[in-house]
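Please look over the chains in the view below before reading on.

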Amino acid sequence: MLELGVVLQGIINGILLGGIFVLMSIGLNLIFGVSRVINFAHGDFLMLGLYSAYWLFTLYGLNPYLSAPLIIVLLFCIGFIIHWFLINPILERPELAQVLMTVGLSIIFQNGALVAWSADYRAIIGGIVGVSIPLIGGLLLPLTRVIAMIIGFGSSILFYIFLKKTRLGMIIRAVAQDRVAASLMGVDVEKIDRICFGLGIALTGLAATALSPIYSVHPFVGIPFTILSFIVVILGGLGNFLGAFLGGIIIGTLNAVIGLMWNPQLAMAVAFLIFILILFVKPRGLFAR
Amino acid sequence: MSREHSSGKGVTRRGFLTVAVSAIVAGVVAGAGSYYAGLSAAPVKEVTKTLERTVRETVTTTLAPGAPTTVTTTLTSPVTTTVTQRETITTTITKTPEIKPAPKEVKIGFIQPMTGALAFNGKMAMDAMMIAVDMVNREGGIAGKVKIVPVIADAKSDPKVAASETERLCTIEKVSLVIGCFGSAIMLAASEVTEKYKIPGFWTGAITRKAAERGYKYWFHMETLDFRVGESVAQFTEEVVIPKLGKKPGDVNIVSMHEDGPFGTGTHDGAIEYAKKRGLNVVGRVPYSAKETDFSSVILKVKAAKPDIIWWTAYPSDMVLICRQAKELGLKAKAIIGFGGGTATMPSIKAVGADFNYIFDVGEEAGSVETNKIELLTPKLRNVLKEFEERFKAEHEGMMPMGLDHDAFGHTYHVLTNILPKALQYFGSLDPEAVIEAAESTVVQEGYGSTLPSYGYVYAPSGHPFKGQNMWKLWVNPNVAMQYIDLKPYVVWPPKYAVREPIVPLPSTSPYAAT
Amino acid sequence: MLWKLILFSAALTTVIYVTNPPPYVVHIIINIFWFAYVTSSWNIVGGFAGQVSLGHPVFIGLGAYTSTLLFMNYGLSPWLGLFCGMAAALAAAALIGVPCFRFGIRGPYFAIGTLAYTMVMEQLAMAFREVTGGGFGITLRRIDSLLYFQSADPKVYLPIILSFWIVLIYIMHRLQKFRYRLLAIRENEDAAAALGVNVFRVKLYALLISAAFSAVGGTFYAQYYRYIDPATVFGPDLALEIMLIAIFGGIYDLFGPTIGSGILIPISECLRILLGGRYFGSYLIIYGIILILCVLRLPEGITAYLSKKR
């Protein structure tokens with residue numbers, strides 16, 4: 001049987017992995033969770049952010065954590081523009097149109113990246129990549145993942161507070177709850193939509209910066225991210241940032257621990273099965289709004 | 001809310017959950033139990049026919065044009081070390097060639113996955129193949145007479161698309177033969193179609209033995225098979241790594257870690273079979289899905305087995321992440337040996353960086369002019385190799401071609417310069433039947449193979465368990481072991497082809513070095 | 001209706017047999033109708049009932065693997081194995097459908113839940129390789145006898161898939177009341193319940209029927225391509241493709257998915273032929289652009305637009 005130290009390390013890895021899942025899904029929680037825009041291109045926005053971080057690092061030597069503000073602004077603009085021209089026209093239409101639209105976007109992003117930057121796997125190396133903080137008992141804490149988790153946790157809390165307490169946050173929630181009523185109250189619904197979407201993509205950009213020292217960069221790297229993000233968002237309850245945090249940690253820890261104690265090939269399967277079971281008990285997610 | 005909808009069934013949530021959870025737990029236990037029972041009972045059901053080293057023996061025949069042609073090929077493999085059987089392959093073809101005017105040009109289909117998950121390797125391989133086409137066309141084409149018109153198909157890393165594209169190549173473009181392709185699932189799907197339409201297919205870049213066991217008439221495989229790669233790794237471990245550690249085979253812990261597709265599974269099956277026969281101690285086997293986003297459990301499992309030597313088959317996608325997480329989680333070993341694939345893909349290796357130094361890679365992979373004993377090749381082939389490398393580097397911003405690229409180039413070059421000219425010469429055309437007869441009667445001992453020890457081609461005839469397979473790549477050890485120094489792969493084994501001494505154990509500059 | 005369908009199929013088949021076009025063209029047509037069949041089956045629960053499911057690869061894959069494994073290991077003709085595949089898919093559908101519909105899991109929750117279901121099956125198929133062949137997939141033994149649902153002549157597969165398609169469309173056409181109930185549920189579940197529709201049962205039936213049909217589609221796939229592996233038949237890519245085609249064609253109409261299939265598949269094939277060889281990936285970019293333009297102009301799918309024009 002496995003030693004206690006190994007199991008503990010597995011749990012630590014799982015929690016950190018969960019933090020990463022949370023970080024990945026934050027933008028989607030705002031876009032899909034709050035404003036209910038079905039964005040199947042989520043992982044590909046992450047991919048674009050990853051490429052941005054990589055190129056800024058490779059061409060200009062910019063440390064990814066420092067280039068975060070640039071990437072956030074860049075992705076906000078991209079999100080803003082895409083919403084204006086592509087999402088807004090179909091908002092009044094059946095939801096499924098959004099599926100078509102975002103899948104189309106996803107295809108374009110992936111293959112655009114392929115044509116522009118080829119299928120090479122790239123990565124940011126050096127610095128704190130691969131470095132771990134040693135703890136007592138031989139346990140190790142991978143530094144980049146800790147940072148990612150902290151950023152994920154921090155953003156979750158920040159956005160929770162933002163939505164609940166700030167004026168803009170409340171307006172966004174109002175629009176999400178009832179567009180007609182909000183517009184009757186004098187809110188420029190279209191503008192709020194656009195800002196919300198832009199913010200969501202910007203958040204995704206932040207996630208990408210924090211993830212860039214962890215994952216390799218590749219045109220098709222976004223596909224599993226999209227799936228995982230949707231699962232985390234649903235598990236936590238649409239729009240619920242703290243729920244998503246808990247949900248992400250659960251999935252991550254299950255994946256790591258089950259993979260370690262049993263079989264890595266089935267770890268995700270078990271985690272997903274448990275996700276489905278949790279849905280049975282809590283059909284609106286862990287903490288439904 | 002429509003939750004407690006009365007349908008008269010009275011299924012309460014708790015009742016349902018109890019049943020469901022019990023059922024799932026029971027199912028999981030039963031499943032896990034039978035899985036492990038199955039594992040311990042009969043891990044590899046297939047009989048491994050390992051065919052040993054051969055004494056080169058060739059038969060050449062000269063034929064007068066217009067006369068009935070008989071081409072007889074006999075090759076006998078002597079039993080050397082541990083293995084199974086003496087084997088003789090004899091193919092006799094008698095055919096009267098119709099002397100037709102040679103066609104002006106020939107359409108050849110090339111299929112690779114150039115988009116999707118396998119895009120990277122597929123695109124490189126296609127580039128390499130096109131260089132071969134161009135180099136042959138420059139001399140006037142096949143046998144200096146028939147221009148090659150390449151038709152390119154993208155398999156999109158999807159077997160369905162591979163099948164569609166091969167349909168198009170065979171029935172619309174009407175190619176005379178198909179050459180491809182990276183990825184076992186892609187190759188399996190595409191070769192189903194070439195068999196259906198009776199178009200000869202020549203394959204490299206996928207090494208699953210299941211393909212060879214189908215006994216297809218129109219399938220020719222120029223590369224080695226997966227289990228042979230595994231055996232080479234095990235051999236290298238036994239002959240070099242373990243002695244350099246100053247230990248005996250039984251005293252060393254080997255842990256096998258591999259992606260769970262056909263490539264990883266097949267290669268490690270072969271390695272573990274060999275290990276069992278030779279008394280090497282494989283103490284753990286951890287398959288994983290290359291598409292996962294986290295490998296911490298894999299790393300920890302391998303670490304828990306306390307490996308001295310790690311055997312590893314990776315794809316480019318998982319390689320970078322695994323190397324990073326292995327460093328983060330403190331995975332240590334005395335030697336890490338790759339089986340090709342990810343550990344032979346230069347951009348991925350560069351993405352890992354200096355940490356990758358001193359890792360071994362065994363396989364069909366060749367290094368470059370710089371890292372191989374090129375003087376063992378004939379002058380003509382030396383020049384061919386040099387030119388290929390120059391052109392490849394020019395097309396890829398100075399990146400040197402890796403083994404898979406050498407394979408793609410070399411095997412295509414072989415088809416274009418060994419098989420097709422023969423079809424023209426002895427059978428007067430490049431029709432499918434002529435190409436097949438030419439291929440089946442081909443015996444080459446100095447074709448440009450992917451690695452210096454392995455240049456040679458003889459295809460197993462009908463009735464052989466591996467019909468269509470280039471047996472040379474199973475008889476001889478087709479692989480070299482390379483070690484990455486300054487991120488370049490230098491051949492370190494077998495001794496005859498080595499340019500450097502292997503460095504074992506991992507030196508302290510490597511983050512994976514055991515203290 | 002039935003006669004129109006039969007006439008159309010008979011005409012198409014006759015044309016193909018008489019003109020004997022290149023096998024590649026036949027292949028495209030078979031592909032179109034396979035997707036038409038599978039997406040129409042998806043549409044029963046995804047479109048008519050409004051319960052978007054990303055779990056249909058589970059049913060397709062179970063159909064494919066069940067009939068194939070019975071064929072490879074016990075020599076059972078896939079015509080019979082087909083029914084076993086249906087049974088497996090029905091069980092799987094019940095397993096996810098009963099709790100989901102019972103506990104009111106709908107909309108995006110149902111979609112992502114079924115997506116997780118698909119991923120689970122894919123992993124199981126990869127992991128238990130002694131049974132399923134794992135990543136190697138299964139290459140079907142070549143028997144070339146119609147008794148074993150195989151044929152050396154690819155044209156034969158066309159009337160087969162057309163027959164399946166006819167059966168599916170016709171059954172759904174006849175089940176008018178059932179369709180109305182599905183429609184009511186899609187529009188407003190609670191109102192439908194208030195009107196006396198047994199929401200749970202209707203949804204479940206929709207899922208079960210859809211699963212059964214999908215499983216047959218899986219068996220056909222295995223017999224036609226003669227090679228299956230977990231990533232293709234159990235993969236999330238397939239789930240997205242099905243949903244994409246159905247939505248594009250129009251989910252409200254009986255023939256919507258068929259039309260969607262008839263348009264999208266030739267477009268993607270043509271694009272790949274024209275551009276796939278040289279500018280890798282660019283043909284997909286154009287495909288994506290076409291999708292986006294169509295959504296902007298015709299957000300309810302092609303058939304909705306066509307019916308408005310009429």
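B:Pro505 has its place in the segment after β16 of chain B; helices (H or I, at least four residues) and strands (E, at least two) are DSSP runs, numbered from the N terminus. This is a predicted model, in which local features need pLDDT of at least 70 and side-chain atom pairs count only at pLDDT 80 or more, whereas totals for chains, interfaces and linings use all residues. Residues are numbered from 1 along each chain as its sequence is written, while chains are lettered from A and ligands numbered from 1 in the order in which they are written.

**Backbone details in chain B**

- The peptide bond that leads from B:Val504 to B:Pro505 is cis, with omega near 0°.
- A cis peptide bond with omega near 0° also joins B:Trp493 to B:Pro494, and B:Pro494 is found in the segment after β16 (488–493) of chain B.
- B:Lys156 has a positive phi, near 55°, in a residue other than glycine, and it lies in the loop between β4 (147–154) and α3 (159–172) of chain B.
- B:Lys156 counts as buried because it has 27 C-beta neighbours inside 10 Å; a residue is buried if 20 or more other C-beta atoms lie within 10 Å of its own, exposed if 12 or fewer, and partly exposed in between, with C-beta atoms placed from the backbone.
- B:Lys198, which is not a glycine, has a positive phi of about 55° and sits in the loop between α4 (184–196) and β6 (201–203) of chain B.
- With 12 C-beta neighbours inside 10 Å, B:Lys198 counts as exposed.

- Helix α13 (residues 432–440) of chain B is mostly covered, since seven of its nine residues are buried, and among the buried residues are B:Val435, B:Ile436 and B:Glu437.
- Helix α4 (residues 78–102) of chain C has 25 residues and reaches 34 Å from its first C-alpha to its last, close to the 36 Å expected at 1.5 Å a residue (the expected span is 1.5 Å times one less than the number of residues).
- After α4(C) comes C:Gly104, whose phi is positive, near 65°.

**Chain A as a whole**

- Chain A has eleven helices and two strands, and from the N terminus on its elements run α-α-α-α-β-β-α-α-α-α-α-α-α.
- For 289 residues, a compact globule would have a radius of gyration near 19 Å, and chain A agrees, with 19 Å (the radius is taken over C-alpha atoms, and the globule rule is 2.2 Å times the number of residues to the power 0.38).
- The C-alpha trace of chain A spans about 65 × 50 × 35 Å along its principal axes, and 62% of the 289 residues count as buried.

**The largest nonpolar core**

- The largest nonpolar core has 367 residues, of which A:Leu50, A:Leu100 and A:Ile231 touch the most other members; such a core is a set of buried Ala, Val, Leu, Ile, Met, Phe, Trp, Tyr and Cys residues joined through C-beta atoms within 7 Å.
- Helix α10 (residues 199–225) of chain C gives the most to this core, with 17 residues.
- A:Leu50 touches, not counting residues up to four places away in sequence, residues including A:Ala208, A:Leu211 and A:Tyr215.

**Contacts between chains**

- Chain A brings 35 residues into contact with 37 residues of chain B; two residues are in contact if their C-beta atoms, placed from the backbone, lie within 7 Å.
- On the side of chain A that touches chain B, α11(A) gives the most, with seven residues.
- That side of chain A divides into 23 nonpolar, ten polar and two charged residues; Ala, Val, Leu, Ile, Met, Phe, Trp, Tyr, Cys and Pro count as nonpolar, Asp, Glu, Lys and Arg as charged, and the others, Gly among them, as polar.
- The contact between chain A and chain C takes 36 residues from chain A and 39 residues from chain C.
- On the side of chain A that touches chain C, α4(A) gives the most, with 14 residues, and that side has 29 nonpolar, five polar and two charged residues.
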